[in-house]
Amino acid sequence: MATTAGAKSPDAPNRPNFVLVIADDMNWDDCGAYGHPSIRTPNIDRLANEGLRFQHAYLTTNSCSPSRASIITGKYPHNTGAEQLHWPIPEGSRTFVAQLKSLGYYTAAAGKWHMGDAIRADFDKIYEASTAGFVLPTGAKGEPSRMVAAQPSGCEDWERALDQRAEGKPFFMWLASLDPHREYTAGALDPPHGLDDVIVPPHLPDTRDVREDLRLYYDEIGRLDRYVGKVLAKLESQGVAENTIVLFISDNGRPFPRDKTTLYDGGIRTPWIVRWPAKIAAGKKTEALVSAIDIAPTFLTLAGGDPKALGGEGESFAAVLSDPPRAGRQFAFAEDHWHDYEDHARCVVDQRFKLIRNDYRDLPSTPSADAGRGLSWQNMLQLQQAGKLPPHQQACFLSPRPRWELYDLQRDPGELSNCVDDPAYQTVKTRMMNALDRWTETTGDYLPSKRTPDEFDRITGEPDHRVRVRPRPSKQQMFGTNEKY
């Protein structure tokens with residue numbers, strides 16, 4: 001068991017270690033632990049069998065870097081100064097990792113970084129994966145570019161990070177994969193998944209191209225799973241597994257049309273599995289509602305720190321770990337901001353209902369540019385042009401969009417039937433609207449005074465070099481502030 005040097009709490013030797021595993025663009029139910037029958041995830045499933053599985057877990061946004069900024073600062077995206085894709089976390093931002101470090105923890109990050117330079121000192125060591133796996137290279141117009149990293153999984157340094165941690169200290173590991181982020185190439189998993197393994201969600205057409213796209217996505221989840229297994233084995237070989245909290249989540253949902261960059265469950269709902277053999281009963285599940293903004297106060301509470309010192313906006317779910325039937329938060333909230341294309345929307349969700357407010361109704365819900373270049377979207381474009389795409393698969397083409405969308409997640413898990421005008425749901429609608437209004441006022445949310453230009457073509461997903469610059473300017477550089485603009 002790791003011991004603590006220079007710790008501030010009296011029970012320092014018993015403080016847990018933390019390993020936060022963040023998948024990149026993995027849907028909440030695309031693993032065996034959440035019921036998928038054919039995606040091969042034995043190690044993620046093992047985490048669930050040996051730990052606690054949360055049934056209602058949500059992210060604060062539907063986009064990669066803003067999600068990470070929210071998790072690490074414990075703030076809602078509109079208060080991080082990094083709410084748009086590729087905006088770095090601003091100087092002076094406080095993170096729960098720095099708080100853990102001040103408590104005597106050794107802190108390390110391995111894999112995808114995507115948070116800028118301001119908080120690097122919060123980690124004792126960073127093993128950063130190449131940005132080529134998630135930032136399209138800048139090239140001359142007309143030249144084909146792909147997002148393919150030399151270390152394609154982004155998990156290749158996870159074991160090394162654990163091997164090289166400081167002795168005599170509890171530790172925190174931020175292990176962030178590139179899997180299953182696009183672009184997809186054959187050979188991610190041996191043997192690969194087959195077309196018959198694929199379950200096509202109802203909002204996508206069941207065609208060979210879509211099945212092939214999903215099959216390659218499944219393979220990257222399988223590759224990620226193998227690295228999760230290596231981490232679990234390393235913890236055991238080091239003799240620290242018993243008192244190490246492993247939390248497995250994703251940064252946003254599946255990188256397909258009507259999933260990632262939306263406020264549907266395919267964009268903001270996340271797998272959420274916690275294993276802590278010393279404290280958590282194995283094989284349990286909980287209906288408690290949690291948000292990614294709750295990770296920071298929870299880890300600080302369990303480490304003996306003061307969550308209030310962070311200045312975050314989350315609620316600790318520490319009590320749920322030892323008492324799974326315990327109620328969690330009443331509502332979770334999520335935001336939609338610029339991600340390759342301009343958009344702005346908000347939502348509130350509980351264990352059964354979700355209310356979405358679309359602020360830029362005139363803009364269609366275009367998939368992220370990487371998904372836009374993929375087989376599924378290009379196939380959908382062909383079907384739409386041929387008049388063969390049914391209404392329930394046309395959400396990404398719809399303009400204007402409805403101002404409000406209300407879904408009964410129990411009766412309509414695919415979120416295909418908007419019941420905002422259904423008389424039977426008016427009490428629910430009022431309750432959810434009031435909750436969103438209170439959250440808006442409490443957190444200081446706002447509608448921007450300026451719109452941000454698209455950087456990609458909404459049809460082809462190809463870059464617009466007239467406006468696209470890499471590295472992308474920060475919020476301060478673009479709008480002169482890290483706050484309301």
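**Reading cysteines and cores in a predicted model**

Modeller: Let's start with sulfur: there are zero disulfides in this structure, a disulfide being a pair of cysteine sulfur atoms within 2.5 Å. Bear in mind that this is a predicted model, where local features need pLDDT of at least 70, side-chain atom pairs count only at pLDDT 80 or more, and totals for chains, interfaces and linings use all residues. Residues are numbered from 1 along each chain as its sequence is written, and side-chain values use heavy atoms, with hydrogens and water left out.

Biologist: Is Cys31 buried or exposed?

Modeller: Buried means under 20% relative accessible area, exposed over 50%, partly exposed in between (1.4 Å probe, protein chains only). Cys31 has 0% relative accessibility, so it counts as buried; Cys396, at 5%, counts as buried too.

Biologist: Which residues touch the most other members of the largest nonpolar core?

Modeller: A nonpolar core is a set of buried Ala, Val, Leu, Ile, Met, Phe, Trp, Tyr and Cys residues joined through side-chain atoms within 4.5 Å. Here the largest one has 101 residues, and Phe54, Phe96, Phe172, Trp174, Phe248 and Trp272 touch the most other members. A second, separate core has 17 residues, including Tyr76 and Phe331.

Biologist: What is Phe96 in contact with?

Modeller: Contact means heavy atoms within 4.5 Å. Leaving aside neighbours within four places in sequence, Phe96 has contacts that include Phe172, Trp174, Phe299 and Leu310.
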